[in-house]
Amino acid sequence: MEANKTNTQPENTKFTSIMQKEIFEEPGVVKNLLERYTTPDDKITLELPEKIDNIVIVASGSSYNCAAIAAPLFIEYANLPCEYEYSSEFVLQKKHFVTPHSLYIFVSQSGETSDTLRALKMIKDEGVKTMCITNAENSTMWNLCDYKILSDAGEEKSIASTKALTAQILCSILILLKINYKQGVDISGYLNTMRRVPAYLERINLNLDKINTVAQEISKYSNISILGNKNYYPVAKEGALKIKETCYLNVMAYPFGEFMHGHVAILNQKSVIIAIIDEENSEFAVRNLQKIRQDYNPKIICITSVQDVKAGDLNIYIKTKRKLKAIFGALLTLQLIACKLASILKRNPDRPKGLKKVVKD
Ligand code: AGP
């Protein structure tokens, strides 16, 4: 399939793991999905309920991080109330928010995760409209949901999810843009931004040497904190999850501002901070990083979409002014860092100990 044809790996270099190969497939996955679900005259072909007045997204693990990235976008771009919950927590709630036009979206790479399946069955019993975003056509979730979106990332073999998550996020953005379109918004500009994502990700993939240098630096530390604001906080959480799964390190993610409320005390000269900086938070982030440097002097690495930010000891530039692009760029960068860090630490990222691809009872 198209996704497997794209390979921005520098020539003569072999992939070091399945995980790395799947990360390098992401530009192709995005291109393929845009071709599948959009038309040249800027229509989106996904099927949605006629009326939606609120959305709840339920998922686990990386798919939950997709929910947490997407939900604020639904509020910001479509002015639509949107909540999200871990599947395992959702099933413990006695009452769920439902209106006649609620849409419950279940995100799952496998379509078979027990916690998410249980949540889906629970809400179906209340007669609510359900949708799944899944990479597995004909999975149990696919067959149970009223509306189905195939994330079409190609088979994901690596236990650490990478390309499937990127595909889920793009599908969420396409749902959002379709709602926008129905609201009378001209979505051509947004779709053009999305069409530039594959080339943008390919450029980041070519930055592998810098990313490897950063991973080498991070490998000297065992106390890792990843900071990001708003949509980038779940991006930071996803980066932490990737490093945990592949390197068995205890990595924490925090929103920048909240980090200063006590959590900061964990820092010392043996700590490393990975800070995600974008147009919206750059001043605030740089100010906090200066204070952190003064008080604790940790190593600071910045992944920044703003070109002139030099707040880190090492800075990885993923330059763009568009948030909808930068989210993908920051994610891909963190995935590559996790993958390289695992090989530096002599872990096999494709065989994380004790983990399975699908978490079932
Ligand atoms: C992601 O890297 C993990 N392997 C894990 O958190 C996974 O995302 C989670 O178990 C959910 O799986 P699903 O998307 O297949 O439902």
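Author: Two strands pair if DSSP finds at least two bridges between them. This rule is needed at once for the strands here. The model is a predicted one.

Reader: How do you know that β1 and β2 pair, and in which sense do they run?

Author: Five bridges join β1 to β2. The rule asks for at least two, so the two strands count as paired. They run parallel. One of the links joins V56 to its bridge partner in β2, E83.

Reader: What makes β1 and β3 partners?

Author: Strand β1 covers residues 54-59 and strand β3 covers residues 102-108. Six bridges connect them in the parallel sense. At least two are required, so this is a pair as well. V58 has F106 as its bridge partner in β3.

Reader: In what order do the strands of this open sheet stand?

Author: The order is β2-β1-β3-β4-β5, with parallel pairing.

Reader: Why are β2 and β5 said to stand at the edges?

Author: β2 (82-86) and β5 (147-150) each have a single partner strand, so one side of each lacks a neighbour in the sheet. From one strand to the next, the twist averages 20 degrees.

Reader: Which helix lies across β1, β3, β4 and β5?

Author: Helix α8, residues 163-182, lies across these strands. Its direction is at about 140 degrees to β4 (129-134).

Reader: What makes β1, helix α4 and β2 a right-handed unit?

Author: The test is the path from the first strand over the helix to the second: with the strands pointing away from the viewer, a clockwise path is right-handed. β1, helix α4 (residues 61-78) and β2 make a β-α-β unit of the right-handed kind.

Reader: What is the order of the sheet that holds β7 and β10?

Author: Five strands stand in the order β7-β6-β8-β9-β10. This sheet is open and its pairing is parallel. Its edge strands, β7 (251-254) and β10 (314-317), pair on one side only. Neighbouring strands are turned by 15 degrees on average, direction ignored.

Reader: How do you know that β9 pairs with β10?

Author: Four bridges join strand β9 (residues 299-304) to β10, in parallel. At least two are needed, so the pair qualifies. I303 has I316 as its bridge partner in β10.

Reader: Which helices pack on this sheet?

Author: Helix α11 (residues 208-218) lies across β6 (223-227), β8 (271-277), β9 and β10. It runs at about 145 degrees to β10. Helix α14 (residues 282-296) touches β6, β8 and β9. Its direction makes about 165 degrees with that of β8.

Reader: How many bridges join β6 to β7?

Author: Four bridges do, and the strands run parallel. L227 has Y254 as its bridge partner in β7. The chain crosses from β6 through α12 to β7, in a right-handed β-α-β crossover.

Reader: What lines the largest pocket?

Author: Its lining has 24 residues, with S60, G61, S62, K357 and V359 nearest the centre. α4, β3, α6 (114-124) and α12 (232-247) each supply at least two lining residues. The space in this pocket is about 500 Å³.

Reader: How many residues of the lining are nonpolar, polar or charged?

Author: Six are nonpolar, 12 polar and six charged.

How values were computed
Residues numbered from 1 in each chain as written. Predicted model: local features only at pLDDT ≥ 70, side-chain atom pairs only at ≥ 80, totals over all residues. Heavy atoms only, no water. Axes fitted to C-alpha atoms, helices over the stretch in contact; angles between N-to-C directions. Contact = heavy atoms within 4.5 Å. 1 Å grid on protein atoms, 1.4 Å probe; cavity = no way out; pocket = protein on both sides within 12 Å on 5 of 7 lines; lining within 4 Å. Points joined across faces, edges and corners; volume = space filled by probe spheres on them. Nonpolar A, V, L, I, M, F, W, Y, C, P; charged D, E, K, R; others polar.
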